[in-house]
Amino acid sequence: MDEFLMAALQEARAGLRENGIPIGSVLVVDGEIIARGHNRRIQNGSAILHAEMDCLERAGRLTAAEYSRSVLYSTLSPCDMCSGAALLYKIPRIVVGENQTFQGPEAYVRSRGVKLDIVNDPACIELMEHFIATHPTLWNEDIGLPTDY
């Protein structure tokens with residue numbers, strides 16, 4: 001696992017320690033981490049603070065030139081919302097820790113010219129499989145599935 005995906009995994013584990021959903025993200029520009037984030041929907045009572053959104057928020061305002069040199073790392077395949085944010089800011093590459101437990105709109109993201117690298121790292125997979133098995137209601141809420149069945 002490369003150092004940037006490892007940093008995203010550390011963020012995911014931080015979210016789990018906070019009793020949140022264990023998904024982490026980092027934004028890298030010119031080979032340097034400029035922002036880190038993790039899913040904070042539970043912790044902040046937020047509708048939108050997925051890991052990638054938290055990371056982009058923590059990056060602050062960047063120029064188009066900075067985004068054009070960036071790579072977004074996420075431990076899990078970004079959902080429609082997070083993929084849309086990456087497309088909006090024209091982030092040219094996304095590295096995904098795993099897409100076995102959840103798959104976002106990967107074909108669409110690729111069709112828009114984004115280089116999408118799927119690692120399917122065993123540590124990322126195990127973290128999400130365990131969380132989904134032990135917290136199915138929270139997981140379903142996070143991905144927009146009904147939780148009242």
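Reader: In which sense do strand β4 and strand β5 pair?

Author: This is a predicted model, in which local features need pLDDT of at least 70, side-chain atom pairs count only at pLDDT 80 or more, and totals for chains, interfaces and linings use all residues. Residues are numbered from 1 along each chain as its sequence is written, and side-chain values use heavy atoms, with hydrogens and water left out. Helices (H or I, at least four residues) and strands (E, at least two) are DSSP runs numbered from the N terminus, and two strands pair if DSSP finds at least two bridges between them. Over 4 bridges, β4 (residues 93-96) and β5 (residues 115-118) pair in a sense that is parallel.

Reader: Which residue in β5 stands opposite Val 95?

Author: β4 and β5 pair over 4 bridges. Opposite Val 95 stands Asp 117.

Reader: With which side chain does Asp 117 meet in a salt bridge?

Author: A salt bridge is a side-chain nitrogen of Lys or Arg within 4 Å of a carboxyl oxygen of Asp or Glu. For Asp 117, the N to O value is 2.7 Å, and the partner is Lys 115.

Reader: How many residues apart in sequence are the parts that Arg 40 and Asp 54 tie together?

Author: The side chains of Arg 40 and Asp 54 meet in a salt bridge at 2.7 Å, N to O. Arg 40 lies in the loop between β2 (32-38) and α2 (41-44) and Asp 54 in helix α3 (residues 51-59), so the parts tied together are apart in sequence by 14 residues.
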